[in-house]
Amino acid sequence: QVQLVESGGGLVQAGGSLRLSCAASGGTFSPYRMGWFRQAPGKERTIVASISWRNGDTYYADSVKGRFIISRDNAKNTVNLQMNSLKPEDTAVYYCAARVTATGSYVYWGQGTQVTVSS
């Protein structure tokens, strides 16, 4: 059973940076795509960024374009999210997730890591 574990959350001032990491373990790991999602209090969980495990093709939500960078290390089974120029509205619990097929949903989820941006 695949397990995803996030790390790197914390408290940062507006304008600062954080780097989130997600490590996969528990068997053969070969996802189709990896994604980072976030959920703020009282709001729905939304996708932040995603990356193709095979070719590195990326997607970013409009709200983070130009500020966040998603990357992967296939050999280490990790995916990272570099977050720059953070804003208070980026405050949320961030989740790592894996999709195993081209058309399916994200089926593996981490437990989440809190990111808090103070103004």
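Trainee: Start with the open sheet. What is its strand order, and how do the strands pair?
Mentor: The order is β1-β3-β8-β7, 4 strands in an open sheet with antiparallel pairing. Strands here are DSSP runs of E, at least two residues, numbered from the N terminus. Two strands pair if DSSP finds at least two bridges between them.

Trainee: Which strands stand at the edges?
Mentor: β1 (3–7) and β7 (68–73) do. Each has a single partner strand, so one side of each has no neighbour in the sheet. From one strand to the next, the twist averages 15 degrees. That uses lines fitted to C-alpha atoms as axes, with angles from 0 to 180 degrees between N-to-C directions.

Trainee: How many bridges join β3 to β8?
Mentor: There are 6, and β3 runs antiparallel to β8 (residues 78–83). Ser21 stands opposite Asn80 in β8.

Trainee: Before I go on, where do these values come from?
Mentor: The model is predicted: local features need pLDDT of at least 70, side-chain atom pairs count only at pLDDT 80 or more, and totals for chains, interfaces and linings use all residues. Residues are numbered from 1 along each chain as its sequence is written, and side-chain values use heavy atoms, with hydrogens and water left out.

Trainee: New topic. How many disulfides does a search of the whole structure find?
Mentor: It finds 1. Cys22 and Cys96 form it, with sulfur atoms 2.0 Å apart; the cut-off is within 2.5 Å. Cys22 lies in β3 (residues 18–25) and Cys96 in β9 (residues 92–99), so the pair ties together parts 74 residues apart in sequence.

Trainee: Are Cys22 and Cys96 buried or exposed?
Mentor: Both are buried. Buried means under 20% relative accessible area, exposed over 50%, partly exposed in between (1.4 Å probe, protein chains only).

Trainee: Now aromatics. Which rings link into a cluster?
Mentor: Ring pairs link Phe37, Tyr106 and Trp109. Rings of Phe, Tyr and Trp (its six-membered ring) pair if their centres lie within 6.5 Å; planes under 30 degrees apart are stacked, over 60 edge-to-face, the rest tilted. The search finds 4 aromatic pairs. One of them is Phe37 with Tyr106, edge-to-face at 5.0 Å centre to centre and 80 degrees between the planes. Both residues are buried. Phe37 and Trp109 are tilted, at 4.8 Å and 55 degrees.

Trainee: How accessible is Trp109?
Mentor: Trp109 is partly exposed, at 34% relative accessible area. The charged end of Arg45 sits over the Trp109 ring, 4.7 Å from its centre. Arg45 also sits over the ring of Tyr95, at 3.8 Å. The rule is NZ of Lys or CZ of Arg within 6 Å of the ring centre and within 35 degrees of the ring normal.

Trainee: Last one. Which residues are linked in a network of salt bridges?
Mentor: Arg38, Arg67 and Asp90. A salt bridge needs a side-chain nitrogen of Lys or Arg within 4 Å of a carboxyl oxygen of Asp or Glu. Arg38 meets Asp90 at 2.9 Å. Arg38 lies in β4 and Asp90 in the loop between β8 and β9, so this pair ties together parts 52 residues apart in sequence. Arg67 meets Asp90 at 2.7 Å. Arg67 and Asp90 are buried.
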